[in-house]
Amino acid sequence: MRTNDTIHQVKQATLAMQRYSWEQGVVAQAFLEAGDRDTTILLALEGAHRQTEDGRCAQIGEQRASTDPCAVGEALSYAYKETGDEYFKRALDALLQWSLNAAPRNAEGTIYHLDNQPQFWVDSFYMLPPFLASAGYFDEALRQIDGYWKALYRPQKSLLAHIWDDGAQSFIREDAWGVGNGWAIAGMARVIDLLPENYSQRRSDLIRRAKTIIDAMLKLQRSDSLFHDVLDNPESFVDTNAGQMLAYTIFKGVHDGWLASTYIPAAEAIYQAASAKVNGYGIVQDVCGSPNFNAPGSAPEGQAFYILMDAMRARAGETV
């Protein structure tokens, strides 16, 4: 059960963790949505400090990802607006240049997840389109979502596969990875919120897609309110974070007016189950764990989505 200092402990533990580019991005987004101005700016600052010459942010070591470094983009934009510091503006412009022009993509313009392999990963739904939408590139954000959906959506399951090889025209991993579907619905929820009024039809399209995944996930929810790592494979381990990502999306959808409040009980049950997983160090346990994400453990993204879920739960509560 969540106590008054749980969220503080989770935040402190999150900031102590080592982070790769996508982890820096989702942690920055978590503190942004939690209303922590100063920490968001500092996380964006470190993302800018670790920007490579090609524009990718938050880079550590020999990372090959094309879309992961864009996850910090909205926090960069926020930091610039809050501070007026041109350092953030230069970093933001360089990241946009990478995203709009330099990142490798297929003939239809869909950006590959890696810079050395023609692969689409479900993770990219979250890493790139929300950044593009937050920067005002709505058509480009939607084009990326359309491309990822076309490659990864499995209609027989109403879920998304993990990795498609565009060169071989075959799946590398066709599994309905729980966290992967979580990345997708959370990313689409952010874009839904960012689209202006004159994109009403495309907004409706995104809502339909997000609800398709949400409803499919809920049909696979366990009796403990959590999910398996591979959603439809009960032999895979039980993962805390897929549930957190779903709960965040539900709370956000209700708050933003595109999901009915009847979804709230399922999200609340997940919230309580995830809160019971927070240990005395503020670590959310049994998430799809770093560094290999093939076993239950801990991870910055698991921490971040607890913070995101908690923040959006409070806002949804004001709505309903």
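Biologist: What volume does the second largest pocket have?
Modeller: The model is a predicted one. Gln 29, Glu 33, Glu 74 and Arg 190 are among the residues that line the second largest pocket. The volume of this pocket is about 150 Å³.

Biologist: Which elements give two or more residues to the lining of the second largest pocket?
Modeller: The lining includes Asp 193, Leu 194, Lys 252, His 255, Asp 256, Met 312 and Arg 315. Two or more lining residues come from each of the elements α2 (21-33), α9 (178-194), α11 (240-256) and α13 (300-319).

Biologist: How many charged residues are in the lining of the second largest pocket?
Modeller: Lys 252 and Asp 256 are among the lining residues, and Asp, Glu, Lys and Arg count as charged. The lining has 2 nonpolar and 2 polar residues, and its charged residues number 7.

Biologist: Which residues are closest to the centre of the largest pocket?
Modeller: The largest pocket holds about 360 Å³ of space. Its lining is made up of 21 residues, and the closest to the centre are Trp 22, Asp 68, Trp 121, Pro 291 and Phe 293.

Biologist: How many residues of the lining of the largest pocket are nonpolar?
Modeller: Charged residues number 6 in this lining and polar ones 5. The nonpolar residues number 10.

Biologist: What is omega for the peptide bond between Ser 290 and Pro 291?
Modeller: Pro 291 lies in the loop between β8 (287-288) and β9 (296-297). The bond that joins Ser 290 to Pro 291 is cis, with omega of about 5°.

Biologist: Which hand does the crossing of α11 and α12 have, left-handed or right-handed?
Modeller: In α11, the residues that meet α12 include Leu 246, Ile 250 and Val 254. On the α12 side, Ile 264, Ala 267 and Ile 270 are among those in contact. The contact has 9 nonpolar, 3 polar and 1 charged residues. The crossing is left-handed.

Biologist: What is the phi of Ala 58?
Modeller: Ala 58 sits in the loop between α3 (37-49) and α4 (73-83). Although Ala 58 is not a glycine, its phi is positive, at about 60°.

Methods:
Residues are numbered from 1 along each chain as its sequence is written. This is a predicted model: local features need pLDDT of at least 70, side-chain atom pairs count only at pLDDT 80 or more; totals for chains, interfaces and linings use all residues. Side-chain values use heavy atoms; hydrogens and water are left out. On a 1 Å grid over the protein atoms alone, a cavity is a set of points where a 1.4 Å probe fits but cannot get out, and a pocket is an open set with protein on both sides within 12 Å along at least five of seven lines; lining residues have an atom within 4 Å of a point. Grid points are joined across faces, edges and corners, and a volume is the space filled by probe spheres set on the points. Helices (H or I, at least four residues) and strands (E, at least two) are DSSP runs, numbered from the N terminus. A crossing is left-handed if the near helix is turned anticlockwise from the far one by less than a right angle, and right-handed if clockwise. Contact means heavy atoms within 4.5 Å.
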